[in-house]
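Dear colleague,

Please read them with the coordinates open beside you.

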Amino acid sequence: MRGAARTKSTITENARSINKEEWLKKMDNTSIDKQFLDSVVMDYLVKEGFQDVAEIFSQETSTPLPPDSISFQPIKVAVEKGNVGEAICRTNDIDPSILETHHELFCHLQQLQVITMINNGNIDAALDMAQNELRYRAEEDPSFLPELEKTICLLAFHDKTDSPFHYLNSPLHRIKIAHELNSVLLNSHGIEGDSKLHHVLKFIDWCERELTSLSIPHAKMTDVIKGNIEFPPL
Amino acid sequence: MNSVTDTSHVIQDNLPSMWNAKDNYSSLSLTHNNLWVSFRGHGKAHQKEAASVRSNNSIPKSCGIYYFEIHIISKGRDGFIGIGLTSRKSVTNRLPGLDKNSYGYHGDDGCIFSSSSSGKPYGPSFTTNDVIGCGLNTITNTCFYTKNGIFLGHAFQNVPSNLYPTIGLQTSGETIAANFGQESFMYDIEGISSSFRQKLIDSIIKRKLPSHTVSTAPDYMHELVLSYLVHHGHCRSARAFASATDQDIAESEASMVQRQQIHNYILSGKISEVIKMCDSFYPDLFESNLELKFRVKCQQFLEILSGNDSINLEAFNGTENIFPYEDSNSIENSNISTARTYKELASLVYFGRNELIPIVNVMLERKLMTEELTSYYQDIFSIFVYPDPMNSPLTYLLDNSQRISLGNYLNSVILMRLNLPANPPLHTLLQYANQTWKYMQEKEVSSTALLSINHFCT
């Protein structure tokens, strides 16, 4: 009987809304070591290829540089600037099997190539590449088909900002793909590709999802930069 | 931090640790601190004669992976032994597995029983000298068994929470000894816990970041890092990173340099310089924040004490009779003077009277002296009676962490005055992550037993 009573009290406790003031006060009282934050920043700089900044940061804060850091900054920058062809060549120079074995990444890179062609008005070249390269990728991996369709859809709009898939054309999309390529390159050299900062964000996302799935009212970070936290209504 | 509940080898108050003498059937006898159980009944091979005993505590939902082992000391007459988990409601005159919310693995035929009187073939039978382990994963709600250190596979799914480890015996002479983690286990449960943890971490890391956070600011990770560099006044890193990522810096370079200089002065103990700089760059900073002024002055007192800073002694010529009841010579000759000269001591007292006490009085008037500040203040004034403060109970005051925390506090106050956030968003983000995790623990979310933020960023 005691077991049953305990379950009941847990449910009522969960149903009660979360105490915002108390929660925020506890959060404020959490002390985070500066050295720890420095190491998170150092890891980010190195993983994302900001080797020069990492060295300066190391001098300014005496945070040690990771011993065998390796950088693919030029390849990453090439993708960010839309020079995908150059990035693919350089990647193949390092190891041709990387793109062969990472289908999704290769699809994303080729997709980005087609988008750049569309932007530059090379419609024929873009269609040619879509028909002769991307089509086969989509046949190999049907999950890529919607991506191909979205890409071709960009052609339908004179002003590309009107397209619902305009985001494919944004710098953000290029940064994402550049990051994806960088991670794969690091992984292929036996280094964890994602930074600790990425992992922290994934951890937060997992916590929030876990709490939601258990129907426990919880706080939610809605803006990482502003530090906005939302609480469920009372 | 290692969670104590991720395996059962550390006995906690709320975990099962022995059999419950009040929750067993009368034909059982409990010995060896309620860890051994023997069957004393007539023992006809009939279910009505069976007898079970439950552990003292149930397995908490927040446990993660719970595991216990049963050593079969003797199979008795027929070896009708059942090992499993039952709810408090199920009867104790049957073997585990046969009643509602009752799960068991039986030794005579190797069958498992899942709240049912008909068994399913599962593993080998077990007998005298075998060690049978039973594990419950409260994250996946699955239960497994081991025999002599070998995994036998998953036995039950959708196992409800708050079940009790249970042993059931049925014929005379049957005797078992339980190990609830008092001794090391035959099976490598630590290994299972950590491989399960790794799987969980991998599944979290593999997921793509939610797009909603990304869409609010395209390169928000770059922004997180830049604001951190600026916040702490790491000017050169900030400048280099801003130009590499095409971002603007919200604060002027001169202002950043000033803050970094002030911070460095604090870290080296030169509080007089800190005060000078603050007064010239941020007039009224101290007057508008008395707590800050108080903390800075307290730190200065400590730095004077340890010889890192000095006060302008023009106002104080050292001849003023600081100790009216004592002859200055007798102090000079006492033990204290071996550590510090009379003049040094006197200048500390002078500083305390003229610089600290007036602030404290105003703060008391305005009811700003919290309990924490009061006790800090008392410690400050107590420390200088020790001949060797570095080896006194108050040595924490001279620790570098005091400087760091004052430096961070002063920096936050200056930043707020410049209309910039008091804490860098990166700092807030990690505080948020940690508090969310602690909240999950409070709510007894079982996966928190295995994971913490440290698994993601160290």
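**Helix α9 of chain A**

In this predicted model, the residues of α9(A) that are buried are A:Ala126, A:Met129, A:Ala130, A:Leu134, A:Arg137 and A:Ala138, and they pack against α8 (103-119) and α10 (145-153) of chain A. As for the length of α9(A), which runs over residues 123-140, its 18 residues should span 26 Å at 1.5 Å a residue, and the end C-alpha atoms are 24 Å apart, which agrees.

**A:Ser183**

Elsewhere in chain A, A:Ser183 lies in helix α11 (residues 171-188), and because its relative accessible area is 9%, under the 20% cut-off, it counts as buried. Leaving aside neighbours within four places in sequence, A:Ser183 is in contact with A:Gly193 and A:Asp194, and with the side chain of A:Asp194 its own side chain makes a polar contact at 3.5 Å.

**The interface of chains A and B**

Between the two chains, 58 residues of chain B are in contact with 56 residues of chain A, and the area buried is about 6100 Å², of which carbon and sulfur atoms give 70%. The rule finds one salt bridge across this interface, and A:Lys26 forms a salt bridge with B:Glu442, with the closest N and O atoms 3.0 Å apart. There are also 20 residue pairs in polar contact across the interface, both residues being at pLDDT 80 or more. On the side of chain B that touches chain A, the largest share, 17 residues, comes from α13(B).

With best wishes

Methods. Residues numbered from 1 in each chain as written. Chains lettered and ligands numbered in written order. Heavy atoms only, no water. Helix = DSSP H or I, 4+ residues; strand = E, 2+ residues; numbered from the N terminus. Expected span 1.5 Å × (residues − 1). Buried < 20%, exposed > 50% of the residue type's maximum accessible area, 1.4 Å probe, protein only. Contact = heavy atoms within 4.5 Å. Polar contact = N/O pair within 3.5 Å; in protein donor to acceptor, adjacent residues only side chain to side chain. Buried area = accessible area lost by both parts, 1.4 Å probe. Salt bridge = Lys/Arg side-chain N within 4 Å of Asp/Glu carboxyl O.
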